[in-house]
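Hi,

Here is the structure I promised to send over.

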Amino acid sequence: MYYGPKKLADKYKLSANTLRNYEANGLIPPAARSSNGYRIYTQRHDEYLACIQAMTPAFGMEVTSEVLHCIRRNELDDALWIVRDREVMLHRDKVSIDQLIGELKSYAEGSQDFNQRFSIHEVSRRTGAPKSAIRYWEKIGLITTDRDPDNEYRLYNEAHLFRIRMIQILQSSVYSEETVNLKQSIASLELQNIEHTMKLAESIKTYLHKSI
């Protein structure tokens, strides 16, 4: 089956210019040309576009592009390992959110003190997040901190650690309206409200389920 640019673009709700960009970037095979110079697309191009639209929501365009480049070079094993690597990352994030939810339940059932203070060095050690990343998340409003009145150093508590860990889980997620909303919810979270924190953590877990 053969397609003109408009017909194939319309099928996937794309522009003809997007098709040309995909071709220029090696995401789809080069199109043949008709006698008058128009591109002619085939069932093979249709299959590549179907793959792009199926993979992109969960893997993102960068990973999808890498996979398709491997397929075009007949490097199927490499393509499959790229996919598996992303799945491993997703599983790691799922384990992290399960652990975080379990700890939140322990806090909800007990009388742990959320007011213990930590330095940014201690927060970095406990979460594994670089201090530069923590400062950046504060700069863009994902977290807010108090300052030590004596030396102006940032002061964090246990609730900040939960917030930072949720941000970390979303760091490898594909950019989308849903991930933006989840990060905005983290930014507006009342630090001492365990119930709301648990609901947000469950929402992140639901997002991971959708991704897999």
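**What turned up**

The side chain of S65 comes within reach of the backbone oxygen of M61, at 2.7 Å. Keep in mind as you read on that this is a predicted model. S65 sits in helix α3, which covers residues 43-72. Its relative accessibility is 13%, so S65 counts as buried, the cut-off being under 20%.

Next, the aromatics. Searching the whole structure gives 1 aromatic pair. The rings in question belong to Y107 and F162: their centres are 5.4 Å apart and their planes stand at 90°, so this is an edge-to-face pair. The pair ties together distant parts of the chain, with Y107 in helix α4 and F162 in helix α7 (residues 158-171), 55 residues apart. As for accessibility, Y107 and F162 are both buried.

Helix α4 comes up again with K94, as that helix spans residues 76-109 and K94 is found in it.

Take L208: 114 residues separate K94 from L208 in sequence, yet in space the two are 6.7 Å apart, C-alpha to C-alpha.

That's it from me for now.

Cheers

Methods. Residues are numbered from 1 along each chain as its sequence is written. This is a predicted model: local features need pLDDT of at least 70, side-chain atom pairs count only at pLDDT 80 or more; totals for chains, interfaces and linings use all residues. Side-chain values use heavy atoms; hydrogens and water are left out. Helices (H or I, at least four residues) and strands (E, at least two) are DSSP runs, numbered from the N terminus. Buried means under 20% relative accessible area, exposed over 50%, partly exposed in between (1.4 Å probe, protein chains only). A polar contact is a pair of N or O atoms within 3.5 Å; within protein, one must be able to donate a hydrogen and the other to accept it, and residues adjacent in sequence count only if both atoms are side-chain atoms. Rings of Phe, Tyr and Trp (its six-membered ring) pair if their centres lie within 6.5 Å; planes under 30 degrees apart count as stacked, over 60 as edge-to-face and the rest as tilted.
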